[in-house]
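Please read it alongside the sequence and the coordinates.

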Amino acid sequence: MGLRKPSFNWPKSLGPLSNQKRLRHSVTGLGGSPRKFEMADGLLAAGGLGSQAMVPQPERTGWAVEESTAPLEKALFQDEDSCSDCSNHDKRGTSLQSFVPEGKTHFPEIFQTSQLLFYERFRAYQDYILADCKASEVREFTAEFLEKVLEPSGWRAVWHTNVFEVLVEVTDVDFAALKAVVRLANPYLCESQVSTFTLDCMNELLDLKEHRLPLQELWVVFDDSGVFDQTALAVEHVRFFYQNIWRSWDEEEEDEYDYFVRCVEPRLRLHYDILEDRVPSGLIVDYRNLLSQCEDSYRKFLNLRSSLSNCNSDSEQENISMVEGLKLYSEMEQLKQKLKLIENPLLRYVFGYQKNSNIQAKGIRPNGQKVTHVVSSTMMTGLLRSLLRDRLCQEPCKEETEIQFHSDPLSAINACYEGDTVIVCPGHYMVHGTFAIADSIELEGYGLPDDIVIEKRGKGDTFVDCTGADIKISSIKFIQHDAVEGILIIHRGKTTLENCVLQCETTGVTVRTSAEFLMKNSDLYGAKGAGIEIYPGSKCTLSDNGIHHCKEGILIKDFLDEHYDIPKISMVNNVIHNNEGYGVVLVKPTIFSDLQENVQDETEENRALKIPTSEEADTVERVDLEELIQCTTGKMELYARSNLSEQVEGNCEIVNELVAASTQKGQMKKKRLSELGITQADDNLMSQEMFVSIVGNQFKWNGKGSFGTFLF
């Protein structure tokens, strides 16, 4: 079947149709039924974009430019009167701003098009350029778009490269090749890092290029008549797409109709999230490294495939090359999957970022002495007497203790060695760095949490970063602002948080794989993500806490990798309320691929391994739930029967789902052991220590309920 082209017409001066309506347009394929896409009219509906409506920082164009952001009403495809398709047809004057590139040569003003908002680009690619094209149709759809809006000649542009800028005139446009036919402008204007680009040299260079230049290397010269506005915007869209969205391997991927949804939208969102400082710096570095590695692997793969296609002999060298090619292909596919995880806004923070903290522990002080650090902005005699009585001289027979005084808690943390104690006196402390705690220390507030406030100012990836073997934090209120990552991250070791208040900005507490977290009698609120994120292989004990007014209360990340154990969780007497989503949400894959393959064999295998199925599983599961709830209560006095059903309902949901998840993973493990010739496997769910206890928690007024599952 032949390639399809969009059948809509877009007059060069056409603005949006109407801000009040959405039109359905058909894109008719040759020999096929119409395909539909949506043309969204109006860039911004009041209050409809949330954080995406934020104006990003200016994108870097390679020139040092000083300019102000164009007003929204002058942005892409917006006009003052947009009720008619031809409302702007007779309107004179440009709606775009301009800037002058800095340099020794006095270039004319250039159209400023690099400060477009997310939704302006989103709408242009979705509604006007790509529609629902396949990856193999991108160039053709783009060429069709350019034919509708681009002036074929009569405009000037600055040809911008990494080495020079030169003024040219466009005499024609090769739409299919996305190139412009140019000649040097008169008078000759050139700005170069080297002095060798004379008029003759530049003419010779253009002759070698047959006077055809890629559109993305051209910056349209400003014209206040409004005639070349759409030309400048169209060139900007082509330039941005091939610089930031398109990947060289896209065309070879599975050719489906949803290229915009699969690739363009997530990459565009990631680009603007990075511009607006909503992505951790480490994740940005990871993404760019992965992208570079994937480009390198793909280039090697293409070269190897080309060499194999030119080789007709069945030689040993060819066989070696084929093995190498398969290895490169596998490596490239793994890199692409990692890129997709980071590009997907839903999975970006769930699986895309495994930050490894490089904080080095100092160990024991060289003289073996342990120090008590006292933090106070001012030290009064009454406060000092109280400290001596309550904390510093509690045991008269105890050996002498060295005391160091600090005016801010960050300097005290940085001065700590293994076994030190930091006592923070009442006050409101502003810090501009990260609490990097790598040694086993105690950080405690002297008083009530509301009286000892540590507030972080300035942008940063995290507030408190813990890697010590045994860290204890108590009686302190932490307030986070302008954050990218969570307020507290436990990378490894054990961290105990008691009687604290956490006022979050993004995610609350993150418990990484192999880390242990104990939180008691504390209050956590305000997270735009999850209040607590629990990673596979971690251990988390939550007792008598309040977790509220977050996006999700607790997020359990299960099965990040099939080799990781599920987290060990204890939740007792927590109140999880007023969260936007679920009180507790479990993130897991839809189903393991190898479990999906042999559905029929599972029944026999389960019987052989004495795993109950169907009605038996339901009966056993109910019994297990009752036993689990009973055993976790221990000797605790249970609530009255009338209140028990309300408070335990959410707990049962969590237990039920974790039991099912554990059973599923157990089946997978047994299958792998069976393939290795190992037939014994432990079927006792409790022996897996899936959790210590989940009981007595209250779930109130959570937007989506007490428990939910996110499948990916």
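**Briefing on the predicted model**

Both F241 and W246 are buried, in a model that is predicted rather than experimental. The two residues also form a tilted aromatic pair, with 6.0 Å from centre to centre and 40 degrees between the planes.

**Aromatic pairs**

- The structure holds 16 aromatic pairs, and F118, Y119, F122, F260 and Y272 come together in one aromatic cluster.
- The ring centres of F164 and F197 are 4.8 Å apart and their planes stand at 45 degrees, so this pair is tilted.
- Because F164 belongs to strand β6 (residues 164-174) while F197 sits in the loop between β8 (190-192) and α3 (199-208), the pair ties together parts that are 33 residues apart in sequence.
- F164 counts as buried at 6% relative accessibility, whereas F197, at 23%, counts as partly exposed.

**Salt bridges**

- The count of salt bridges comes to 21, and one of them joins E343 to R267, with the closest N and O atoms 3.5 Å apart.
- E343 lies in helix α7 (residues 316-343) and R267 in helix α5 (residues 259-275), so the pair ties together parts that are 76 residues apart in sequence.
- E343 is buried, with a relative accessible area of 5%, and R267 likewise counts as buried at 5% relative accessibility.
- K557 and E533 form a salt bridge whose closest N and O atoms are 2.9 Å apart; since K557 is in strand β30 (residues 552-557) and E533 in strand β27, parts that are 24 residues apart in sequence are tied together.
- Both K557 and E533 are buried.
- Salt bridges with shared partners connect R247, D250, R267 and E343 in one network.
- K528 meets E505 in a further salt bridge (3.4 Å, N to O), where K528 counts as exposed at 60% relative accessibility and E505 as buried at 18%.

**The parallel sheet**

- An open sheet of 8 strands runs in the order β14-β17-β20-β23-β26-β29-β32-β35, with parallel pairing.
- β14 (427-431) and β35 (698-700) stand at the edges and have a single partner strand each, so one side of each is left without a neighbour in the sheet.
- From one strand to the next, the twist averages 10 degrees.
- Within this order, β29 (residues 546-548) and β32 (residues 575-577) pair in the parallel sense over 3 bridges, and H548 stands opposite H577 in β32.

**Surface patch**

- M379, I403 and F405 make a nonpolar surface patch of about 250 Å², and F405 is found in strand β12 (residues 402-406).

Key
Residues numbered from 1 in each chain as written. Predicted model: local features only at pLDDT ≥ 70, side-chain atom pairs only at ≥ 80, totals over all residues. Heavy atoms only, no water. Pairing = 2+ DSSP bridges. Helix = DSSP H or I, 4+ residues; strand = E, 2+ residues; numbered from the N terminus. Axes fitted to C-alpha atoms, helices over the stretch in contact; angles between N-to-C directions. Patch = residues over 30% accessible without salt bridge, like charges linked within 9 Å, V, L, I, M, F, W, Y side chains within 5 Å. Areas by Shrake-Rupley, 256 points an atom, 1.4 Å probe, with all protein chains shown as cover. Salt bridge = Lys/Arg side-chain N within 4 Å of Asp/Glu carboxyl O. Phe/Tyr/Trp six-rings, centres within 6.5 Å; stacked < 30°, edge-to-face > 60°. Buried < 20%, exposed > 50% of the residue type's maximum accessible area, 1.4 Å probe, protein only.
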